[in-house]
Amino acid sequence: MKIFITGGSGALGQYLNIELSKNHKILTHYYSNKGNCGDYRNIKLPLTDFLKLEEILSSFTPDVVVHTAAVSNAEKADALPSNVVYNINVNATKTIARLCEKYKARLIYLSTDLVYAGYRGSFLKEDSKLIPISLYAETKLMGEVKVKETFDNYIILREALLLGFGLNHSRNNFHLMFENLADGKPVKLFTDQYRSPLSLSDAARLIRELIEKNISGETFNFGGNERVSRFQIGERVCEEKGWDKNLLTPVTMEEAGLKYKVADVSMNIDKLRSFGITPRPYLESLKEILL
């Protein structure tokens with residue numbers, strides 16, 4: 001298949017470039033940092049250059065568009081004018097959905113687990129209450145709405161916390177935590193925020209499997225199989241590497257002054273599994289990352 005990847009230089013995007021290029025023809029997009037996009041057919045442009053986006057889809061005629069590009073977390077969103085965040089996370093998503101409909105492409109849209117209410121309990125299902133509390137999460141949910149309003153040939157993935165090492169310029173919280181611990185530096189980690197983490201490499205594999213199945217019109221919780229806190233992740237990393245757990249400082253979200261206190265967005269992935277898409281066990285993935 002021909003696959004167009006937006007945000008191909010991001011943390012997940014670079015893993016998707018590697019995974020999807022194995023058996024498919026990809027065109028990968030970036031805006032500022034090239035990452036590993038230079039190893040593949042690529043295009044550089046602002047995501048909000050909607051005329052150029054149409055030129056790309058009309059000439060490349062992808063079978064699938066994997067839309068990962070976004071203002072990608074709450075801190076980045078809060079640092080930008082709200083209209084800029086809205087234009088990138090909502091208007092661009094709406095435009096991409098419209099172009100996918102026009103050029104007969106299936107859309108894989110990466111949303112976030114942070115669209116859920118974080119106080120409704122554990123292992124939330126896809127029909128659980130949605131109460132995004134940050135501009136970032138709100139605009140990602142609005143992106144979901146725009147996709148669904150536009151057409152039916154989509155898969156929406158509510159992406160969990162992603163674990164692993166960023167490639168090239170890319171860094172995530174897990175990567176930064178690892179580097180600090182490796183240098184013997186203390187790390188503060190939340191004890192009272194729970195997620196369903198998924199490794200970057202496994203996420204790319206699962207997206208490939210979804211692409212290769214005849215699935216559309218579905219929203220999936222896209223995470224791992226365990227509910228863990230960031231502190232528990234840090235503990236396991238120390239155990240696997242033989243590092244001193246005293247480097248870990250347990251803190252609550254309140255103590256850390258976290259602006260958006262989302263206590264528990266661990267997700268039930270039974271629906272994902274029912275379509276034959278099965279994440280690797282959490283500890284197996286973590287050990288693979290740390291090899």
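1. Two strands count as paired if DSSP finds at least two bridges between them. In this predicted model, strands E6 and E11 are joined by 5 bridges and run parallel. Within this pair, Ile155 has Glu218 of E11 as its bridge partner.

2. The E6–E11 pair belongs to an open sheet of 7 strands, ordered E3-E2-E1-E4-E5-E6-E11, with parallel pairing. Strand E3 (42–44) and E11 are the edge strands; each has a single partner, so one side of each lacks a neighbour in the sheet. From one strand to the next, the twist averages 20 degrees.

3. Helix H1 lies across E1, strand E2 (25–30), E4, E5 and E6. The direction of H1 is at about 165 degrees to E1. Helix H5 (residues 135–150) also packs on the sheet, where H5 touches E5, E6 and E11. Between the directions of H5 and E5 the angle is about 155 degrees.

4. The largest nonpolar core has 28 residues, and those touching the most other members are Val66, Leu157, Ile207 and Phe222. Two or more residues each come from strand E1 (2–6), helix H1 (11–20), strand E4 (64–67), strand E5 (106–112), strand E6 (154–159), helix H7 (200–211) and strand E11 (218–222). H7 gives the largest share, 7 residues.

5. What does Val66 touch, leaving aside residues up to four places away in sequence? Its contacts are Ile3, Phe4, Ile5, Thr6, Leu16, Leu20, Ile108, Leu110, Ile207 and Ile211.

6. The volume of the largest cavity is about 70 Å³. Its lining consists of 14 residues, and Pro197, Leu198, Ser199, Tyr282 and Ser285 are those that lie nearest its centre.

7. Which elements give two or more residues to the lining of the largest cavity? They are strand E10 (198–199) and helix H10 (282–290). H10 supplies the largest share of this lining, 4 residues.

Definitions and conventions. Residues numbered from 1 in each chain as written. Predicted model: local features only at pLDDT ≥ 70, side-chain atom pairs only at ≥ 80, totals over all residues. Heavy atoms only, no water. Core = buried A, V, L, I, M, F, W, Y, C linked by side-chain atoms within 4.5 Å. Buried < 20%, exposed > 50% of the residue type's maximum accessible area, 1.4 Å probe, protein only. Contact = heavy atoms within 4.5 Å. Axes fitted to C-alpha atoms, helices over the stretch in contact; angles between N-to-C directions. 1 Å grid on protein atoms, 1.4 Å probe; cavity = no way out; pocket = protein on both sides within 12 Å on 5 of 7 lines; lining within 4 Å. Points joined across faces, edges and corners; volume = space filled by probe spheres on them.
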